[in-house]
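Open the model in your viewer and keep the selection tool at hand. The tour goes stop by stop.

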Amino acid sequence: MPVEQAEISSRVAEEKVNLLGLSAEKLVAFFAGIGEKPFRATQVLKWIHQFGVDDFAQMTNLSKGLRNKLRELAEIRAPEVVNQFDSTDGTRKWLIRVDGGSCIETVFIPERDRGTLCVSSQVGCSLDCSFCATGKQGFNRDLTAAEIIGQVWIAAKSFDSLSPKADRVISNVVMMGMGEPLLNFNNVVDAMNLMLHDCAYGLSKRRVTLSTSGVVPQLDRLGDVTDVSLAISLHAPNDALRDQLVPINKKYPIATLLDSARRYLERMPDTHRKVTVEYTLISNINDRPEHARELAALMRDLPCKINLIPFNPFSGVAYQRVSNNALNAFRDILYKAGYTVTVRTTRGDDIAAACGQLSGEVNDRTKRSQRYREQQQTIKLIG
Ligand code: SAH
Ligand code: SF4
């Protein structure tokens, strides 16, 4: 067997490299490894992310020889779409199966002036926040970078909105689906870099948001590698209450988290940036006027806007959704204290457009559909 053929055959025996999740730098390294110039990475990046191509044969600006080589060594493989649901209000949800059989979900929410995609970072979550269905399902595994960016790839393809940029339907991405993004640091950063890269999705860093429940050491690391928008899931104005709702608070209490968020902002070149503070309002738990006043005092030194999220009940949880009166009173106290306050509205009711509410551990079809029916009852609010 000629040497070259022998080399290729032995590589075929190994697993193919999935180019979908490779950041621009890793793609350059991949091409260098097979003796190709860096501009090949740019070409392939555009084919994959701007034209939605997953077949090397269609990459017409690559030589036939290189296309054949790529077919032998690599693949472009997105996770499998099990189902796509369309709401009458334009919200779209995908149920996506990842390797190993677990399912995640991704939600697209169109608004007047933007289209936001809510992306998952893990199958399940280990942080066990008491009001979160994903947390209650436990942790299964981290998503790969290909599985994370694959959600954007799938959504963009479904709207046929990959190129040109001006017509893109997806203008914003929020890492607010299933999982804690900072606990899957490297894969999330690689995927976010693709969201931002001009030869991939070209989104502005202001329009890519990472939401965290407060993994402080990783939040400090995040500022070393990116300056995407930051959202922190606070949900309580004092440690005693937050310890109950967000257990990681026992390890990294509120003051530590706010300091870290402040440091993150301070490192940004652009001085007008703000952190989004997410506050899920749960009836008679954290929704009283005194909580609002305490929150207003707490946030004084952090440039922020506050996003109030009415709690979304799900089966097996004792908490209840905030009443409209309590929600309005809470919002008004913050508003009068000078904060920018937004309230997340419910979208996609009819398709249960719950962001990140699917179980990661279900592997058999029966359990999965049973769990899925359960999830149909839950609506996690995103905006
Ligand atoms: N793990 C990250 C991102 C995923 S959760 C985080 O916690 O920030 C995205 C947002 O949805 C978080 O602010 C989370 O607190 C909120 N959330 C979780 N469960 C919810 C529920 N049942 N109702 C309303 N919001 C919920
Ligand atoms: Fe995990 Fe976020 Fe849910 Fe907490 S709210 S359990 S961190 S996904």
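Some ground rules before you move on. This is a predicted model, in which local features need pLDDT of at least 70 and side-chain atom pairs count only at pLDDT 80 or more, while totals for chains, interfaces and linings use all residues. Residues are numbered from 1 along each chain as its sequence is written, chains are lettered from A and ligands numbered from 1 in the order in which they are written, and side-chain values use heavy atoms, with hydrogens and water left out.

**Zoom out**

Switch to cartoon view. The protein has 13 helices and 14 strands. These are DSSP runs numbered from the N terminus: helices are H or I with at least four residues, strands E with at least two. Of the 383 residues, 55% are buried. Buried means under 20% relative accessible area, exposed over 50%, and partly exposed in between, with a 1.4 Å probe and protein chains only. Contact means heavy atoms within 4.5 Å. Among contacts between residues at least 6 apart in sequence, 68% join residues at least 24 apart.

**Aromatic rings**

Show the Phe, Tyr and Trp side chains. Rings (for Trp, the six-membered one) pair if their centres lie within 6.5 Å; planes under 30 degrees apart count as stacked, over 60 as edge-to-face and the rest as tilted. The whole structure holds seven aromatic pairs. Select Phe108 and Phe159: their ring centres are 4.6 Å apart and their planes meet at 55 degrees, so this pair is tilted. Phe108 belongs to strand β5 (residues 103–110), and Phe159 to the loop between α6 (145–158) and β9 (172–175), 51 residues apart. Both Phe108 and Phe159 are buried.

Next, select Phe311 and Tyr319. Here the centres are 5.9 Å apart and the planes stand at 90 degrees, so the pair is edge-to-face. Phe311 is buried, at 1% relative accessible area.

**Charges over rings**

A charge sits over a ring if NZ of Lys or CZ of Arg is within 6 Å of the ring centre and within 35 degrees of the ring normal. Select Lys93, which lies over the face of Phe85, 5.0 Å from the ring centre. Then try Arg221: its charged end is over the ring of Phe185, 3.9 Å from the centre.

Go to His235, in the loop between β11 (229–233) and α9 (239–245). Is His235 buried or exposed? His235 is buried, at 4% relative accessibility. Beyond its neighbours within four places in sequence, His235 contacts Phe131, Leu245, Val246, Glu278, Tyr279, Thr280 and Asn286.

Jump to Asn184, in the loop between β9 and α7. Asn184 is also buried, at 4% relative accessibility. Its contacts outside four places in sequence are Ser121, Gln122, Asp142, Leu143 and Ile148.

End at Asp198, in the loop between α7 (185–196) and β10 (208–212). Asp198 is exposed, with 54% relative accessible area. Its C-alpha atom is 9.8 Å from that of Thr42, 156 residues away along the chain.
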